[in-house]
Amino acid sequence: MDLSYSAEDEEFRARLREWLGEVLPGLPPKPSADDWPGRRAYDLGWQRLLYDAGYAGLHWPVDAGGRGATPTRHLIFLEETEKAGAPYVGANFVGLLHAGPTIAAEGSARQRARWLPPVLRGEEVWCQGFSEPDAGSDLASLRTRAWRDGDDYVVSGSKIWTSHAEVADWCELLVRTDTEAPKHRGITWLAMPMDTPGITVRPLRTLAGSAEFAEVFLDEVRVPVANRVGEENDGWRVTMVTLSFERGTAFVGEVVACRRVLGELAREARKNGRWDDVPLRRRLGRLNAEFRALWRLTQWNVSESERGGGVPGVGGSVFKLRYSQARQELYDAAAEVLGPEALDLGREWTVDRLSSLSYTIAAGTSQIQRNIVAERILGLPKGR
């Protein structure tokens, strides 16, 4: 792993800091959590600013519309934008961190030219149509059916936990195209326009009160065969590429955010008198070591991804497994620091604590990650 900072890297950092210092004060107020059209416009506006300044798709390959930057430059970008309090990817999450990188790795030249530039320019939003009511952790059991009818697939079924479906233009969709094949071999990856007739979106409200997820019902929705990424029935392999990004590099910015929150917790504890609690101080100290180690693991994973042609390896499961737990522990510590105020949903960190509960489930449960680590890294036999 070579992630030392050269003089050129430090010049890049300085230019980025200067740009952030000029741009961030002029951003409009962030919309409320339940104003999804407003949040979409806000997130796309920020993405357009990044694009115009040359920071969009910084680490994407040049032939996919990116800048082809080194892993070090990518990490510097994430560090500096988080430290400066810049907006997160928000509604662009799936397009920038899941679907976009998958299309860059697996899509045809025509598909890359059609779908990637609008993501980078902040013009189109993607959602993810993977999980189903009976196919979550066992994703390969999905039942949403697609059959060929001329130049189209006709799709019927339902999806759940579809991120940002209510404001999305496109959906990365997994469908079953061969019901006779073994479950992992009859799946196809499609890009579905969300304005196609036959699509019904029903928002889901989370424990934290937000509605970034939805159920999506598909009633004979026609999707062009030209929107298939990869070959028919080869969608599981393409899906593994998507999930490698989801588990391997999509959480990079969040590690930086957690390190910032940890510092804020320490300052709050000093201010409200809870710093005198020795076990709490030890807990915060251990979390500091935990997130420093996770940042090093992040650096290793990003460097390994670069050597692997830009696609993260199974080491992302190691990171995702530990990060999910560490994030929950961080916000449990926040509840200790806040005391009774931790019950106030309007208080900083309280909603984050509720959302942290989902991290050991989302993007593959911790049990699934342990199986991946055991079988693909340690070489242990599959469980029965």
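Student: Which residues of H4 are buried?
Tutor: The buried residues of H4 are Phe 93, Val 94, Gly 95, Leu 96, Leu 97, His 98, Ala 99, Gly 100, Pro 101, Thr 102, Ile 103 and Ala 104. Buried means under 20% relative accessible area, exposed means over 50%, and partly exposed lies in between (1.4 Å probe, protein chains only). The model is predicted: local features need pLDDT of at least 70, side-chain atom pairs count only at pLDDT 80 or more, and totals for chains, interfaces and linings use all residues. Residues are numbered from 1 along each chain as its sequence is written, and side-chain values use heavy atoms, with hydrogens and water left out.

Student: How many residues does H4 have, and what does it reach from first C-alpha to last?
Tutor: Helix H4, residues 93–106, has 14 residues and reaches 19 Å, close to the 20 Å expected at 1.5 Å a residue. The expected span is 1.5 Å times one less than the number of residues. Helices (H or I, at least four residues) and strands (E, at least two) are DSSP runs, numbered from the N terminus.

Student: Where does H4 bend?
Tutor: H4 bends by about 40° at Ala 99, and Pro 101 follows within four residues. The bend at a residue is the angle between axes fitted to the seven residues ending there and the seven starting there.

Student: Now the aromatic pairs: how many are there in the whole structure?
Tutor: A search of the whole structure finds ten aromatic pairs. Rings of Phe, Tyr and Trp (its six-membered ring) pair if their centres lie within 6.5 Å; planes under 30 degrees apart count as stacked, over 60 as edge-to-face and the rest as tilted. Phe 12 and Tyr 55 form an edge-to-face pair, at 6.0 Å centre to centre and 70° between the planes.

Student: Which parts does that pair tie together?
Tutor: Phe 12 lies in helix H1 (residues 7–23) and Tyr 55 in the loop between helix H2 (36–53) and helix H3 (71–83), so the pair ties together parts that are 43 residues apart in sequence. Phe 12 is buried at 6% relative accessible area, and Tyr 55 is buried at 10%.

Student: Moving to charges, how many salt bridges does the structure hold?
Tutor: The structure holds 29 salt bridges, each being a side-chain nitrogen of Lys or Arg within 4 Å of a carboxyl oxygen of Asp or Glu. One of them joins Arg 114 and Glu 124, whose closest N and O atoms are 3.1 Å apart. Arg 114 is in helix H5 and Glu 124 in the loop between H5 and strand E1 (126–129), ten residues apart.

Student: Last topic: which residues form the nonpolar patch on the surface?
Tutor: Val 318, Ile 377, Leu 378 and Leu 380 form the patch, with about 340 Å² of accessible area together. Patches take residues with over 30% relative accessible area and no salt bridge; like charges are joined within 9 Å and nonpolar side chains (Val, Leu, Ile, Met, Phe, Trp, Tyr) within 5 Å. Accessible areas come from the Shrake-Rupley method with a 1.4 Å probe, and for residues only the protein chains shown count as cover. Leu 380 lies in the segment after helix H11 (366–377) and is partly exposed at 45% relative accessibility.
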